[in-house]
Amino acid sequence: MTAGEQSKLTDRPGVLDGPFTTPQLLRLDEALRQADESTGLTFSVYVGELDEPVRGHAEKLHGQLEDPDRSVLLAISPNQRVLEIVTGALARRRIPDRSAKLAALSMAAAFGGGDLAGGAVSGLAQLAGQAGKS
Amino acid sequence: MSIQQTVLVFAGIPIAVVAVVYALVYATSGRRNSKRYRPGRPFTFAPVWFLSAPERLNGSVSSKPALTSAGHHAELPAGSTPAGPLLAQAADAPANQPAPHGETGGASDSW
């Protein structure tokens, strides 16, 4: 979706000052778009500080999405070294907690090696594959 | 060859090559990797939130107060959102935001 790409790159130029290089941002955008299109769910990735309790803050962010029931949020806090996957009520039926845990495990392994973008992209692919077609 | 020439050829040239390679490596990778996240080092960047369609965010991050205040049908054509999927989704979306949602699932991990 070009509208998403454009507004990400023009409305929020701060993203380009972040820890991600431009190719990484493009890969992340492509992974999000593919996950959304193939599953019909809304995937999003948050990278930043999470307040304590971490799980509660991640769920609050998840609640800010337009349709939380059909949304999946990956909240990554590099400082606290914590990763939270939040699935809405409908998304949870398609992505069981066990599969989410498996994705979280592989993402955490990538993050432990310092690869934020790669871990997020592979985690998105894994979750989207688990959710299957819409 | 005199002593000076010998030293220049067998010590000076290798040192010059080493210095050039060293300078090249640090001039390129030193700058590029400074932003990279490394576990254990402080992460000082502003929080970012990636969505394939940023219009789907209700909260304060998005510059779209129109979506939170009133129904979708009245507000969406007025806004400059050209996205087709958003309109298709908005047709069955509840008008009052934030929508009440059920329990959430998922997983946690740390590294």
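Guide: Let us begin with burial in chain A, bearing in mind that this is a predicted model: of the 134 residues of chain A, 46% count as buried, and in chain B, which has 111 residues, 20% count as buried.

Visitor: What makes a residue count as buried?

Guide: The test is a count of neighbours, since a residue is called buried if 20 or more other C-beta atoms lie within 10 Å of its own.

Visitor: How do you know whether the span of helix 6 of chain A agrees with its number of residues?

Guide: Helix 6 of chain A has 16 residues, which at 1.5 Å a residue should span 22 Å, and because its end C-alpha atoms are 22 Å apart, the two values agree. After this helix comes G132(A), with a positive phi near 75°.

Visitor: Which residues of helix 6 of chain A are buried, and what covers them?

Guide: The buried residues of helix 6 of chain A include L116(A), A120(A), L124(A), L127(A) and A131(A). Their cover includes helix 2, strand 1, strand 2, helix 4 (89-94) and helix 5 of chain A. For A120(A), leaving aside neighbours within four places in sequence, the residues in contact are L28(A), V45(A), L74(A), I76(A) and M107(A).

Visitor: Why is a set of residues called a nonpolar core?

Guide: The name applies because its members are buried residues of the nonpolar kinds, such as Leu and Ala, joined through C-beta atoms within 7 Å. The largest nonpolar core has 45 residues, of which L32(A), Y46(A), L73(A), A75(A), A120(A), L124(A) and L127(A) touch the most other members. Elements that give two or more residues to this core include helix 2 (22-39) and helix 5 (97-112) of chain A, together with strand 1 of chain B. The largest share, eight residues, comes from helix 6 of chain A. In soluble globular proteins, nonpolar side chains tend to be buried together.

Visitor: How many residues of chain B are in contact with chain A?

Guide: There are 37 residues of chain B in contact with 53 residues of chain A. On the chain B side, the elements that give two or more residues are strand 1 (48-51) and strand 2 (105-110) of chain B, and strand 2 of chain B gives the largest share, six residues. The residues of this side divide into 21 nonpolar, 10 polar and six charged.

Visitor: What makes strand 3 of chain A and strand 2 of chain B a pair?

Guide: Pairing requires at least two bridges, and six bridges join strand 3 of chain A to strand 2 of chain B, so the two strands pair. They run antiparallel, and E84(A) stands opposite S108(B) in strand 2 of chain B.

Visitor: What is the order of elements along each chain?

Guide: Chain A, with six helices and three strands, follows the pattern α-α-β-α-β-β-α-α-α, whereas chain B, with four helices and two strands, follows α-β-α-α-α-β.

Methods:
Residues are numbered from 1 along each chain as its sequence is written. Chains are lettered from A and ligands numbered from 1 in the order in which they are written. This is a predicted model: local features need pLDDT of at least 70, side-chain atom pairs count only at pLDDT 80 or more; totals for chains, interfaces and linings use all residues. Two residues are in contact if their C-beta atoms, placed from the backbone, lie within 7 Å. Ala, Val, Leu, Ile, Met, Phe, Trp, Tyr, Cys and Pro count as nonpolar, Asp, Glu, Lys and Arg as charged, and the others, Gly among them, as polar. A residue is buried if 20 or more other C-beta atoms lie within 10 Å of its own, exposed if 12 or fewer, and partly exposed in between; C-beta atoms are placed from the backbone. The expected span of a helix is 1.5 Å times one less than its number of residues.
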